[in-house]
Amino acid sequence: MRSGVRIGVDVGRARIGVSRSDPDGMLALPVETVARVDDGGDVARIQALVTEFGAAEIIVGLPLSLSGAHTASTDDAIEFASRLSNACALPVRLVDERLSTVSAQSALHASGRTTRNSRSVVDQAAATVILQHALDTERSSGRPPGELVSTSPAN
């Protein structure tokens, strides 16, 4: 298992959930929900969190349909991951996130939170589920999870 803090990202149309791991890559923890904005402020905020936590890698959830097909959300997450890759001097990996939001909502509901009072944290919880799954996958396989995003050459 590689050491170093990882940042987990759940990309949504209105909000982006962010989580982080401990330095040993054992446990994922929620961090915050970042507003999705067109001016690049969302990427800048995640870049600031990467610096704050001394992250070694970013894990971005890849929303596929249940059949594994790409959707509009898949393309949006890939584009956002590419923006992160270009902005941060770190590896960015895309990992399958099917049902992560459903799992996060179930866990929040089981802890007594309603859908209405958990809107602000469901994205963080989904990012935590995505990151924990990536950490567990790496620990069991011995290989980095998902697919590495390549950076685009500067224009």
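Reader: Which strand and which helix each supply at least two residues of the lining of the largest pocket?
Author: Strand S1 (6-11) and helix H2 (72-87) do. Both are DSSP runs, numbered from the N terminus: E for a strand (at least two residues), H or I for a helix (at least four). The model is predicted, with pLDDT of at least 70 needed for local features and 80 or more for side-chain atom pairs, while totals for chains, interfaces and linings use all residues. Numbering starts from 1 along each chain as its sequence is written, and side-chain values use heavy atoms, without hydrogens and water.

Reader: What makes this space a pocket and not a cavity?
Author: On a 1 Å grid over the protein atoms alone, a cavity is a set of points where a 1.4 Å probe fits but cannot get out, whereas a pocket is open, with protein on both sides within 12 Å along at least five of seven lines. The largest pocket has a volume of about 180 Å³, taken as the space filled by probe spheres on points joined across faces, edges and corners. Its lining has 12 residues, and Asp10, Val11, Gly12, Arg13 and Ser73 are the closest to its centre; a lining residue has an atom within 4 Å of a point.

Reader: How do you know whether the length of helix H1 (residues 41-53) agrees with its number of residues?
Author: The expected span is 1.5 Å times one less than the number of residues. For the 13 residues of H1 that should be 18 Å, and the end C-alpha atoms are 18 Å apart, therefore the two agree.

Reader: Which residues of H1 are buried?
Author: Asp42, Val43, Ile46, Leu49 and Val50 are. They cover an arc of only 120° around the axis, so they sit on the same side of H1; the arc uses directions from the helix axis to the C-beta atoms. The buried residues of H1 pack against S1, strand S2 (15-21), strand S3 (28-35), strand S4 (57-62) and H2. On the face turned away from the buried side are the exposed residues Thr51 and Glu52. After H1 comes Gly54, with a positive phi near 60°.

Reader: How do you know whether Glu147 is buried or exposed?
Author: Buried means under 20% relative accessible area, exposed over 50%, and partly exposed in between (1.4 Å probe, protein chains only). Glu147 has 54%, so Glu147 is exposed.

Reader: With which residues beyond four places in sequence is Glu147 in contact?
Author: With Val92, Arg93 and Leu94, contact being heavy atoms within 4.5 Å. Glu147 lies in strand S6 (residues 147-148). The C-alpha atoms of Glu147 and Leu94 are separated by 5.2 Å, though the residues are 53 apart along the chain.
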